[in-house]
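Cut-offs are given where each term comes up.

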Amino acid sequence: LDWLDQYRQLRSVCLRYFNACGAEPGSGLGEEHEPETHLIPLLFRAIDTGKPVTIFGDDYPTPDGTCIRDYIHVSDLAEAHILAVQSLIDGGPSGKFNVGTGSGISVFEVVKAVEEVTGERPPHSIGPRRAGDPPALVANSERLQRTFGWRPKYTAIQDIVRSAWEFHQSLRTRPVH
């Protein structure tokens with residue numbers, strides 16, 4: 001893309017997502033796919049089935065021993081896309097931006113948020129670390145904020161989990177065709 005910008009004047013904006021999660025409240029839109037690899041939907045599935053989800057490592061050099069990640073709500077991602085496209089339409093330059101909240105949440109904190117929102121403790125077990133998983137991975141989205149005026153609206157993990165839980169609950173009531 002840099003080459004196309006330099007030699008063909010084809011501008012672009014690259015958005016680097018961190019852990020995309022949540023659902024657009026009231027829209028009926030959310031995450032549903034197989035295989036599922038994302039923590040929040042896996043915790044919901046564990047509640048539904050009673051089958052524990054594996055947490056990979058509890059011996060990281062973090063306050064509670066689990067990985068810390070930046071969880072960004074899909075609505076905030078959508079807003080970043082809208083602002084990026086509008087910038088290109090308005091003649092703005094190409095750029096690369098991190099899209100995250102800038103705050104880290106541990107795996108155990110997500111488990112606790114799921115329990116608070118659902119009223120049920122998700123069954124889980126502890127497995128070995130996955131190769132290559134860093135202890136913490138958190139976005140610095142200052143450039144995105146400065147360039148586009150973007151700010152994440154969903155910064156509390158409980159709000160993110162609640163939106164995902166509402167979507168998950170809606171799947172239970174959908175008619176099967």
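## Second largest pocket

The second largest pocket has a volume of about 250 Å³. A pocket is defined on a 1 Å grid over the protein atoms alone, as an open set of points where a 1.4 Å probe fits, with protein on both sides within 12 Å along at least five of seven lines; lining residues have an atom within 4 Å of a point. Grid points are joined across faces, edges and corners, and a volume is the space filled by probe spheres set on the points. The model is predicted: local features need pLDDT of at least 70 and side-chain atom pairs count only at pLDDT 80 or more, while totals for chains, interfaces and linings use all residues. Residues are numbered from 1 along each chain as its sequence is written, and side-chain values use heavy atoms, with hydrogens and water left out.

Eighteen residues line the second largest pocket, and E31, E36, P41, H168 and L171 lie nearest its centre. Helices (H or I, at least four residues) and strands (E, at least two) are DSSP runs, numbered from the N terminus. By class, the lining has nine nonpolar, three polar and six charged residues. Here Ala, Val, Leu, Ile, Met, Phe, Trp, Tyr, Cys and Pro count as nonpolar, Asp, Glu, Lys and Arg as charged, and the others, Gly among them, as polar.

## Largest pocket

The largest pocket holds about 470 Å³ of space. Its lining has 22 residues, with N19, T37, L39, Y71 and R130 nearest the centre. Elements giving two or more residues to this lining are β2 (19–21), α2 (39–49) and β3 (53–56). The lining divides into 13 nonpolar, five polar and four charged residues.

## Nonpolar cores

A nonpolar core is a set of buried Ala, Val, Leu, Ile, Met, Phe, Trp, Tyr and Cys residues joined through side-chain atoms within 4.5 Å. Buried means under 20% relative accessible area, exposed over 50%, and partly exposed in between (1.4 Å probe, protein chains only).

The largest core has 25 residues, and I40, V110, I157 and V161 have the most contacts inside it. Elements α2, β3, α4 (107–118) and α6 each give two or more residues to this core, with α2 giving the most, at seven. Leaving out residues up to four places away in sequence, V161 touches I40, F44, A113, V114 and V117; contact means heavy atoms within 4.5 Å.

The buried residues are L39, I40, P41, L42, L43, F44, A46 and I47. Just after α2, G50 takes a positive phi of about 80°.

T54 is found in strand β3 and is partly exposed, with a relative accessible area of 33%. T54 and L39 are 15 residues apart in sequence and 9.5 Å apart in space, C-alpha to C-alpha. Not counting residues up to four places away in sequence, T54 touches S125 and G127.

## Cysteines

The structure holds zero disulfides, a disulfide being a pair of cysteine sulfur atoms within 2.5 Å. For C21, the closest cysteine sulfur is that of C67, 15 Å away, which is too far for a bond. C21 counts as buried, at 6% relative accessibility, and C14 counts as partly exposed, at 24%.
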